[in-house]
Amino acid sequence: MDIKVLGPGCAKCHQLEASVKQAVKEMGLEAKVDVVRDIIKIMEYPILTTPGLVLNGKLVSSGRALTKTEVIDFINKNMA
């Protein structure tokens with residue numbers, strides 16, 4: 001699974017990054033987690049507010065620092 005956290009480095013961006021890394025570790029996933037801070041690359045996605053969560057190329061959340069549980073739910077929904 002390819003996971004991206006989109007955001008310029010704000011507090012919410014760091015919170016989402018931490019939640020994603022905790023979720024991946026807890027789930028024992030073979031996942032690549034990239035943090036995208038380059039605004040040009042962020043704009044390649046249909047995102048209006050950061051942070052954003054991208055799973056396998058699809059933007060699934062934006063504008064919120066998701067909890068670890070919320071991230072796990074998004075991952076489970078997008079693995080099916």
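Biologist: Which residue does Lys4 form a salt bridge with?

Modeller: In this predicted model, Lys4 forms a salt bridge with Asp2, and the closest N and O atoms are 2.9 Å apart.

Biologist: Are those two buried or exposed, Lys4 and Asp2?

Modeller: Lys4 has a relative accessible area of 16%, so Lys4 is buried. Asp2 has a relative accessible area of 24% and is therefore partly exposed. The cut-off for buried is under 20%.

Biologist: How many salt bridges does the count come to?

Modeller: The count comes to six salt bridges. Among them is the pair of Lys68 and Glu26, with the closest N and O atoms 2.6 Å apart. That pair links distant parts of the chain: Lys68 belongs to helix 3 and Glu26 to helix 1, and they are 42 residues apart.

Biologist: How exposed are Lys68 and Glu26?

Modeller: Lys68 is partly exposed, with a relative accessible area of 28%. Glu26 is exposed, at 51%.

Biologist: What does Arg64 pair with?

Modeller: Arg64 forms a salt bridge with Glu70, where the closest N and O atoms are 2.6 Å apart. Arg64 is partly exposed, with 42% relative accessible area, and Glu70 counts as partly exposed at 23%. There is also a network: salt bridges that share partners join Glu17, Lys21 and Arg37.

Biologist: Where is Glu17 found, and is Glu17 buried or exposed?

Modeller: Glu17 is in helix 1. Its relative accessibility is 15%, so Glu17 counts as buried. The Glu17 side chain makes a polar contact of 2.9 Å with the side chain of Lys21. Apart from neighbours within four places in sequence, Glu17 is in contact with Val5, Val35 and Arg37. In general, side chains of opposite charge can pair when their charged atoms come close.

Biologist: Changing topic to the nonpolar core. Which residues have the most contacts inside the largest one?

Modeller: The largest nonpolar core has 13 residues, and those with the most contacts inside it are Ile3, Leu16, Val20, Leu53, Leu55 and Val71. Two or more residues each come from strand 1 (2-6), helix 1 (11-27), strand 3 (52-55) and helix 3 (68-79). Helix 1 gives the largest share, four residues.

Biologist: And what is in the second core?

Modeller: The second core is separate and has seven residues, including Leu6, Ile42, Tyr45 and Leu59. As a general point, nonpolar side chains tend to be buried together in soluble globular proteins.

Biologist: Back to Ile3. What does Ile3 touch?

Modeller: Ile3 lies in strand 1 and counts as buried because its relative accessibility is 1%. Not counting residues up to four places away in sequence, Ile3 touches several residues, including Val20, Val24, Leu53, Leu55 and Ile75.

Biologist: How far apart are Ile3 and Glu70?

Modeller: Ile3 and Glu70 are 67 residues apart in sequence, and 14 Å apart in space from C-alpha to C-alpha.

Biologist: What about Val71, which residues does Val71 touch?

Modeller: With residues up to four places away in sequence left out, Val71 touches Leu16, Ser19, Val20, Ala23 and Leu66. Of these, Ser19 is found in helix 1. Ser19 counts as buried because its relative accessibility is 10%. Leaving aside neighbours within four places in sequence, Ser19 is in contact with Leu66, Thr67, Lys68 and Val71.

Biologist: Which residues form a nonpolar patch on the surface?

Modeller: Ile39, Ile40 and Met43 form such a patch, with about 340 Å² of accessible area together. Ile39 lies in helix 2 (residues 39-42).

Biologist: Now the backbone. Is the peptide bond from Thr50 to Pro51 cis or trans?

Modeller: The bond from Thr50 to Pro51 is cis, with omega near 0°. Pro51 is in the loop between helix 2 and strand 3.

Biologist: And is the phi of Asn56 positive or negative?

Modeller: Asn56 has a positive phi of about 50°, although it is not a glycine. For background, most residues other than glycine have a negative phi, and most peptide bonds are trans.

Biologist: Where is Asn56 found, and how exposed is Asn56?

Modeller: Asn56 is in the loop between strand 3 and strand 4 (58-62). Its relative accessibility is 47%, so Asn56 counts as partly exposed.

Key
Residues are numbered from 1 along each chain as its sequence is written. This is a predicted model: local features need pLDDT of at least 70, side-chain atom pairs count only at pLDDT 80 or more; totals for chains, interfaces and linings use all residues. Side-chain values use heavy atoms; hydrogens and water are left out. A nonpolar core is a set of buried Ala, Val, Leu, Ile, Met, Phe, Trp, Tyr and Cys residues joined through side-chain atoms within 4.5 Å. Buried means under 20% relative accessible area, exposed over 50%, partly exposed in between (1.4 Å probe, protein chains only). Contact means heavy atoms within 4.5 Å. Patches are made of residues with over 30% relative accessible area and no salt bridge: like charges are joined within 9 Å, nonpolar side chains (Val, Leu, Ile, Met, Phe, Trp, Tyr) within 5 Å. Accessible areas come from the Shrake-Rupley method with a 1.4 Å probe; for residues, only the protein chains shown count as cover. A salt bridge is a side-chain nitrogen of Lys or Arg within 4 Å of a carboxyl oxygen of Asp or Glu. A polar contact is a pair of N or O atoms within 3.5 Å; within protein, one must be able to donate a hydrogen and the other to accept it, and residues adjacent in sequence count only if both atoms are side-chain atoms.
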